[in-house]
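User: I have a new model open and want a quick walk through it. Can we start with the salt bridges?
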Amino acid sequence: MDRLAAWWAARTRGGVRAVLAVDGSLALVLGALAALGAWDAAGDRGMRLGVAGVALVGVAAAGLVVRRVWPLAALGLSLAATLAYLALGYPYSPILQLASVAAYTVGAWCPKRVSLTAVAAAVAVYLPVAWSSGGTPWPAFGVGPLAVVWLVVPWSVGTAVRAYRRVRARAADAERREHVYQERLRIAQEVHDVVGHSLAVINMQAGVALHVLERRPQRAAQALRAVRQTSAQALEELRAALAPLAEPDGRSRAEPDRRPVADLARVPELVEAVNQGRLRVTLVVEGHRRVLPAAVELAGYRIVQESLTNVVRHAEADRATVRLAYGDDALRVTVSDDGRGPATGDGAGRGLVGMRERAAAVGGTFAAGAGADGGFEVRAVLPVTRAGGAPSTGG
């Protein structure tokens, strides 16, 4: 019953009324054409179609009204009317096309085993009726080939169409899963950067507050205010990063024109947050400061954020410099310090990997290593034209 319910839902996904309306219109047009063709075929044989012939053509066409809702019923009704038409001695005519459409629908919409059984049964029922009614309109070809032409060939086309739809559906599903996976990776990277930076700054500021609490209470209060500001900003950024998880389609409920929480305009806040205690950080802006494409703004901000996090946690530096150089075609981000230099490892930590991936995502380059005057230096070049389609012109 579950498979039957799923099959029914798939057949009527667009709404039963809409499907019946479309198929009803098709049945009306094909039925009218089949009736005219039957009338001409009967006249050519010196016969009169009569009420029974017209009624049987109408019944065969009526089966197509439910061809996508009940494909097997449509084939059975159209085929029964067609066989009755032939059994009464009427000549072969376009009435065969009505059952052909039903056979195509069975191949296109029914499971392969079900549709194969249905078309085989249809051919088996048709053959004795065709022989008893005087053969085919093309005696040289025989009854069997005719059955293949008007039943098996349409069914084969329908089966091929169904297979193509399944391939397309699988490809779309794989693309959807890949999109979900990439979105999860993006969210994980955002959370890593936000939490890592915030905890490093909070730890540093808390240490400063404890160190000067008794001797310089005002300085301790300043450090605690910085802790509060950093934690509040981290909560805001985490809310924005995790917002897509609240929606089934992975999109946030935020307004579509809302600027991202993290952008280059907030780099001074990053510098101010870590510019406490022993560490002194200098921000240098070169070129004309302007609003860049959102992807570049976010990548540049996160690279600066993660670089400063590494300075606080690992460098044991006294001074650091953040340099943002705005060019016509690219933004160049450099973060250097006078600390103990590169770590003894291979430099493949999650933070460096994340910065490299962010730069690559906007078509840029990334490098990290020993600075020219010692210490450690991070360098990223983020193209403006590739990420945004055209150079930004101000704001």
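Analyst: A salt bridge here is a side-chain nitrogen of Lys or Arg within 4 Å of a carboxyl oxygen of Asp or Glu. Arg319 and Asp338 meet that cut-off, at 3.5 Å from N to O. Keep in mind that this is a predicted model.

User: Where do Arg319 and Asp338 sit in the chain?
Analyst: Arg319 is in strand β2. Asp338 is in the loop between β3 and α11 (350–361). The two are 19 residues apart, and the pair links distant parts of the chain.

User: Is Arg319 buried or exposed?
Analyst: Arg319 is exposed, because its relative accessible area is 54% and the cut-off for exposed is over 50%. Asp338 has 30%, so Asp338 counts as partly exposed.

User: How many salt bridges are there in the whole structure?
Analyst: A search finds nine. One of them joins Asp23 to Arg68, with the closest N and O atoms 3.1 Å apart. That pair also links distant parts of the chain: Asp23 lies in helix α2, Arg68 in the loop between α3 (50–62) and α4, 45 residues apart.

User: Which residues are linked in a network with Asp23?
Analyst: Arg67 and Arg68. Asp23 counts as buried, because its relative accessibility is 1%.

User: What about Asp173 and Arg177?
Analyst: Those two form a salt bridge as well, with the closest N and O atoms 2.1 Å apart. They are four residues apart in helix α7 (residues 143–212), so about one helical turn separates them. Asp173 is partly exposed at 28% relative accessibility. Arg177 is partly exposed too, at 47%.

User: Switching to the sheet. What is the strand order?
Analyst: The order is β1-β2-β3-β5-β4. The sheet is open, has five strands and is mixed in its pairing. β1 (280–286) and β4 (365–370) each have a single partner strand, so one side of each is left without a neighbour in the sheet. Neighbouring strands are turned by 10 degrees against each other on average, direction ignored.

User: Which helices pack on it?
Analyst: Helix α9 (residues 267–274) is one, touching β1 and β2. Its direction makes about 160 degrees with that of β1. Helix α10 (residues 294–315) is another, touching β1, β2, β3 and β5. The direction of α10 makes about 5 degrees with that of β3.

User: How many bridges join β2 to β3?
Analyst: Seven, and the two strands run antiparallel. A hairpin connects β2 to β3 through three residues. Val322 has Val335 in β3 as its bridge partner, and Arg323 stands opposite Thr334.

User: And what joins β3 to β5?
Analyst: Seven bridges, again in an antiparallel pair. Ser336 has Glu377 in β5 as its bridge partner.

User: Back to the helices. Is Ser78 buried or exposed?
Analyst: Ser78 is buried, with a relative accessible area of 0%. This residue is in helix α4 (residues 71–87). Leaving aside neighbours within four places in sequence, its contacts are Ala60, Gly63, Leu64, Leu98, Ala99 and Ala102.

User: Which residues form a nonpolar patch on the surface?
Analyst: Val29, Leu33 and Leu36 do, with about 300 Å² of accessible area together. Leu36 is in helix α2 (residues 16–44) and counts as exposed at 56% relative accessibility.

User: Last one: how much of the chain is buried?
Analyst: Of the 395 residues, 42% count as buried. The accessible surface comes to about 21,400 Å², with 60% belonging to carbon and sulfur atoms.

Note on methods. Residues are numbered from 1 along each chain as its sequence is written. This is a predicted model: local features need pLDDT of at least 70, side-chain atom pairs count only at pLDDT 80 or more; totals for chains, interfaces and linings use all residues. Side-chain values use heavy atoms; hydrogens and water are left out. Two strands pair if DSSP finds at least two bridges between them. Axes are lines fitted to C-alpha atoms, for helices over the stretch in contact, and angles run from 0 to 180 degrees between N-to-C directions. Contact means heavy atoms within 4.5 Å. Buried means under 20% relative accessible area, exposed over 50%, partly exposed in between (1.4 Å probe, protein chains only). Accessible areas come from the Shrake-Rupley method with a 1.4 Å probe; for residues, only the protein chains shown count as cover. Patches are made of residues with over 30% relative accessible area and no salt bridge: like charges are joined within 9 Å, nonpolar side chains (Val, Leu, Ile, Met, Phe, Trp, Tyr) within 5 Å.
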